[in-house]
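Let's take a walk through a protein model, one spot at a time. Have a look at the sequence and the 3D view first.

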Amino acid sequence: MADSIMSKAATMEIPINSNGDTGTLPEDDSLEQVGGLSPDLQQVMVSGPNLNETNIVSGGYGGPAGGIIPTSTIKGSSNHNGSNPSEEVTRGVAVEKLDSVKKWGINTYKCTKQMFSERFGRGSRTVDLELEAQIDVLRDTKNKYENILRLATALINHFQSMVQTQQALGDTFTDLSQKSPELQDEFGYNAETQKLLCKNGEALLGAINFFVSSINTLVNKTMEDTLMTIKQYENARLEFDAYRSDLEELSLGPRDAAAMVRIEMAQHEYQIHRDKYERLRSDVTIKLKFLEENKVKVMHKQLLLFHNAISAYFAGNQQQLEQTLIQFNVKLKPPGSDKPSWLEEQ
């Protein structure tokens, strides 16, 4: 009888009305008798399968047993979906990068707006007349010194070619003096003269090379370092004026709560860029002062070296030329030091 009641209960239909609600089930005497007629049936219905112990068949109906997944496994795996410390760190780095890009975009927009406003005469800019005049003088001086550097380098190249030609000519005269007994003395005099000129020419080349090296250091290192600081100063000036203009525009607007918050933030940014501008302006002023002192000191020494060496060479005063090199600590390279070794030629 219990089997007939279970089969009947399993095959009962639950009527659904048009609203999706379940209809009223008709009363069934056989179900009413479950509690009184079959205690075994009550035992079966009460001690049904526990949801925590049931299995889920992943493969369809009639699938293999290997497709059965215990629900405890799914329940345990759900505990691993929590936050991971490494993921939080990665998320924090991404947020910082996003904020950095956002600040960079806002700063670029403000500076570009300020630059075009100044170019078209609609915006004002902060001007330090005395400092900008010194900067213009430095740029003009650098251009002129670069021209001296180019001309001195060209002089070295031409003079080196002449010295090499004198060396070859002296070797030829020496060879001919040995092969022409009737002209041995004449060829010998000329050979000695060319060798002496070659020796003095190498000394002059050493002095000019030292002159060019010092000018190159002054122009491409010392002056360039100061100009890099000047570039940073000019960028800071543009940023300062951009945030100053932004603060002035906000100050002319409404004074509600939201506007006051924006004004306070603009005031904070303005102060930051003002401090940066003033700091770099001070750095530029100090570097320009030390650069001028260094330039005078270096050029005084190098121009004196250049003059004494040129004068001694063309006057044929070998002793004075050698003394000039000693006075300015100019060391000559030994002959053939610029040529590659036989290992490098292989």
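Is Tyr-145 buried or exposed? Tyr-145 counts as buried, because its relative accessibility is 14% and buried means under 20% relative accessible area, with exposed being over 50% and partly exposed in between (1.4 Å probe, protein chains only).

Before going on, some ground rules. This is a predicted model, where local features need pLDDT of at least 70, side-chain atom pairs count only at pLDDT 80 or more, and totals for chains, interfaces and linings use all residues. Residues are numbered from 1 along each chain as its sequence is written, and side-chain values use heavy atoms, with hydrogens and water left out.

**The overall picture**

The protein has 11 helices and two strands. Both kinds of element are DSSP runs numbered from the N terminus: helices are H or I with at least four residues, strands are E with at least two. Read from the N terminus, the order is α-α-α-α-β-β-α-α-α-α-α-α-α. Of the 346 residues in the protein, 26% are buried. What about contacts, meaning heavy atoms within 4.5 Å? Among those between residues at least 6 apart in sequence, 70% join residues at least 24 apart.

**Back to Tyr-145**

Tyr-145 sits in helix H7 (residues 129-179). Leaving aside neighbours within four places in sequence, Tyr-145 is in contact with Ile-215, Leu-218, Val-219, Met-223, Lys-295 and Met-299. Tyr-145 and Asn-216 are 71 residues apart in sequence, yet their C-alpha atoms are 8.8 Å apart in space.

Rings of Phe, Tyr and Trp (its six-membered ring) pair if their centres lie within 6.5 Å; planes under 30 degrees apart count as stacked, over 60 as edge-to-face and the rest as tilted. By this rule there are seven aromatic pairs. In one of them, the rings of Phe-211 and Phe-306 have centres 4.8 Å apart and planes at 40°, so this pair is tilted. It links distant parts of the chain, as Phe-211 is in helix H8 and Phe-306 in helix H9, 95 residues apart. Phe-211 is buried, at 5% relative accessible area, while Phe-306 is partly exposed, at 26%. There is also an aromatic cluster formed by Tyr-233, Phe-240, Tyr-270 and Tyr-277.

Gln-302 also lies in helix H9, and Gln-302 is buried, with a relative accessible area of 3%. Setting aside neighbours within four places in sequence, Gln-302 is in contact with Phe-210, Phe-211 and Ser-214.

**Two polar contacts**

A polar contact is a pair of N or O atoms within 3.5 Å; within protein, one must be able to donate a hydrogen and the other to accept it, and residues adjacent in sequence count only if both atoms are side-chain atoms. Here are side-chain examples:

| Side chain | Partner side chain | Distance |
|---|---|---|
| Arg-237 | Asp-241 | 2.6 Å |
| Gln-302 | Ser-214 | 3.2 Å |

Arg-237 is found in helix H8 (residues 184-251). Buried or exposed? Arg-237 counts as buried, at 10% relative accessibility. Not counting residues up to four places away in sequence, Arg-237 touches Glu-118, Arg-125, Thr-126 and Tyr-277.

**A pocket**

A pocket is found on a 1 Å grid over the protein atoms alone: it is an open set of points where a 1.4 Å probe fits, with protein on both sides within 12 Å along at least five of seven lines, and lining residues have an atom within 4 Å of a point. The second largest pocket has a volume of about 390 Å³, a volume being the space filled by probe spheres set on the points, which are joined across faces, edges and corners. Its lining has 14 residues, with Ile-106, Lys-110, Tyr-243, Met-265 and Glu-269 nearest the centre. The elements giving two or more residues to this lining are helix H6 (85-119), H8 and helix H9 (257-314). H9 gives the most, with six residues.

**Two loop residues**

Gly-253 lies in the loop between H8 and H9 and counts as partly exposed, at 29% relative accessibility. Asn-329 lies in the loop between helix H10 (318-327) and helix H11 (342-345). Asn-329 is exposed, with a relative accessible area of 59%. Its phi is near 55°, a positive value in a residue other than glycine.

Technical notes:
Contact means heavy atoms within 4.5 Å.
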